[in-house]
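Welcome! Take a moment to look over the protein below, and then we will walk through some of its features together.

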Amino acid sequence: MIAAILLIFSIIVLFSIGIIFIRARRKKRYERAMYLFKEEKYGDALHIFQELLAKNPKKRVYIWNIALCYEHLGNYEMALVEYNKLAMSTSFDTSISEVDVHYKVALLNYRIDNVDRAKREFQIVTTLQEDHASAQYHLGLIAVKKNELKKAMEYFENAGRWDQDLDEAFLELGKVGFKLNRVEKAKKALERALEMKPAGVEAHFYYGLVLEKERSYKQSIEEFEQAKEKDEFRFLSLFHLGNIYMALGEEKKAFESIEQALAFGTSETRDLVEVKYHYAGYLVRTGDINRAVKLWKEIESVQPHYRDVRNKIDIYVEINKSESLTKFITMNTKGFFKTGEKLCRALGVSIEKTGIEKQDFVEYIGTFRVGRDEHVCIVDIARWITQVGELPVRELLEKMSDRGASKGIFITSSHFTQRALDLSNIRPLDLIDRERLEPMLADL
């Protein structure tokens, strides 16, 4: 009897010792795997974690670490397999958070561009933990991808509210704010982003855009000068510097910046076409119609129906044949107004005052003599390249009625639509198009 009891006791002791030994060995292997993971030897660590899981399939911490190894090895698909096993669990180890598991599933789906699944998982994260700033930030990025900019702004605001040091959230908030024309909100967000990360080139670029919109040109120049140091933002930074210098009346600097942008180039066809289009407009204003036409033809070769390029080519090629029309189209605003006064005198109109004055439009109110009587006359001069339609002509008729004018004259460097011409046949209107204008300019 005593012998049997001793035998049983010995077996229990040996079994306990065996369990302790096995646990100690597992612990040592686990610690070895964790050490290898910290040393970034993810493949070796993965092998050990897989061995440990095979011997204890219910140990979720092994699954978690296997997933981490796959993730760091760049094998996101296998990492997702392991994370999804955990996400479907009804209970979690104390070392593993349900929030963390769903966040990993969301993040890896986002990285492999499975946006819809990522969105669902990030939403689960924010349901479990509303103040999870990174999940809010990524939901904002997804909203931007889906062009839901107002939603994106809300997510980025939440992310910034719950993590004041998340500079990426403030940068994205600034970008979205700018796109939605929420200038003041964008400005504050970008200032916060730059406060945290002064060397952030993208933040400097967008801050430059905001300042340019506010016409804070001096500060904007400083921002674009910093942004252009990085290749990714050099092309557009140089272009915007050109726009600013044009606004400041420094044409030489403007053209130098835009020429540098074109010389540097960009793989973004849309941006390249846009820059060439605007530059061609600047060239026209300085009288270089030949170069402008060349740029429009380059645009047409890659985007045949871009804006009004075909129309501009047709019109400016014709205008360029006439020295007087070319001079009229390309002269500065002051010269345009003076030429308008001369045209009025040539038409026998004595100017009493000027009405509307715009860069390419001017209105004169005066009188003309018929025998001994003087009559009120309104002259509208439009330096346009598009056809003058019915609406501007009707507006002239309304002004004539308001002022009691007995005659109206509309002069354009383009042509009139048939509807506009029809109005002139039944009203006291004289419509002067490009063909009639050219000899008048030549005489002046």
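Leaving aside its neighbours within four places in sequence, which residues is Leu 141 in contact with? The answer is Tyr 110, Phe 156 and Glu 172. Please keep in mind that this is a predicted model. Here is a short tour, starting with the whole chain and ending with single residues.

**The whole protein**

- You can find 22 helices and five strands in the protein.
- The radius of gyration is 36 Å, whereas a compact globule of 444 residues would have one near 22 Å.
- Along the principal axes, the C-alpha atoms fill a box of roughly 150 × 45 × 40 Å.
- Of the 444 residues, 45% are buried.
- Among contacts with a separation of 6 or more, 49% come from residues 24 or more positions apart.

**Two helices side by side: H2 and H3**

- Helix H2 covers residues 42-55 and helix H3 covers residues 60-72; the two pack at an angle of about 155°, and their axes are 9 Å apart.
- Because angles over 145 degrees count as roughly antiparallel, H2 is roughly antiparallel to H3.
- The crossing of H2 past H3 is left-handed.
- On the H2 side, the residues that meet H3 are Tyr 42, Ala 45, Leu 46, Phe 49, Gln 50, Leu 52 and Leu 53.
- On the H3 side, their partners are Tyr 62, Ile 63, Asn 65, Ile 66, Cys 69, Tyr 70 and His 72.
- Sorted by class, this contact of H2 with H3 has 11 nonpolar residues, three polar ones and no charged ones.

**A closer look at Leu 141**

- Leu 141 sits in helix H7, which spans residues 133-145.
- Is Leu 141 buried or exposed? Its relative accessible area is 15%, and buried means under 20%, so Leu 141 is buried.
- Gln 359 is 218 residues away from Leu 141 along the chain, and 41 Å separates their C-alpha atoms.

**A closer look at Tyr 277**

- Tyr 277 belongs to helix H15, made up of residues 269-285.
- With a relative accessibility of 13%, Tyr 277 also counts as buried.
- Setting aside neighbours within four places in sequence, Tyr 277 is in contact with Trp 296, Ile 299, Tyr 306, Arg 307, Asp 308, Val 309 and Lys 312.
- Between the C-alpha atoms of Tyr 277 and Lys 358 there are 22 Å, and these two residues are 81 residues apart along the chain.

Definitions and conventions
Residues are numbered from 1 along each chain as its sequence is written. This is a predicted model: local features need pLDDT of at least 70, side-chain atom pairs count only at pLDDT 80 or more; totals for chains, interfaces and linings use all residues. Side-chain values use heavy atoms; hydrogens and water are left out. Axes are lines fitted to C-alpha atoms, for helices over the stretch in contact, and angles run from 0 to 180 degrees between N-to-C directions. Helices (H or I, at least four residues) and strands (E, at least two) are DSSP runs, numbered from the N terminus. Angles under 35 degrees count as roughly parallel, over 145 as roughly antiparallel, 65 to 115 as roughly perpendicular and the rest as oblique. A crossing is left-handed if the near helix is turned anticlockwise from the far one by less than a right angle, and right-handed if clockwise. Contact means heavy atoms within 4.5 Å. Ala, Val, Leu, Ile, Met, Phe, Trp, Tyr, Cys and Pro count as nonpolar, Asp, Glu, Lys and Arg as charged, and the others, Gly among them, as polar. The radius of gyration is taken over C-alpha atoms; the globule rule is 2.2 Å times the number of residues to the power 0.38. Buried means under 20% relative accessible area, exposed over 50%, partly exposed in between (1.4 Å probe, protein chains only).
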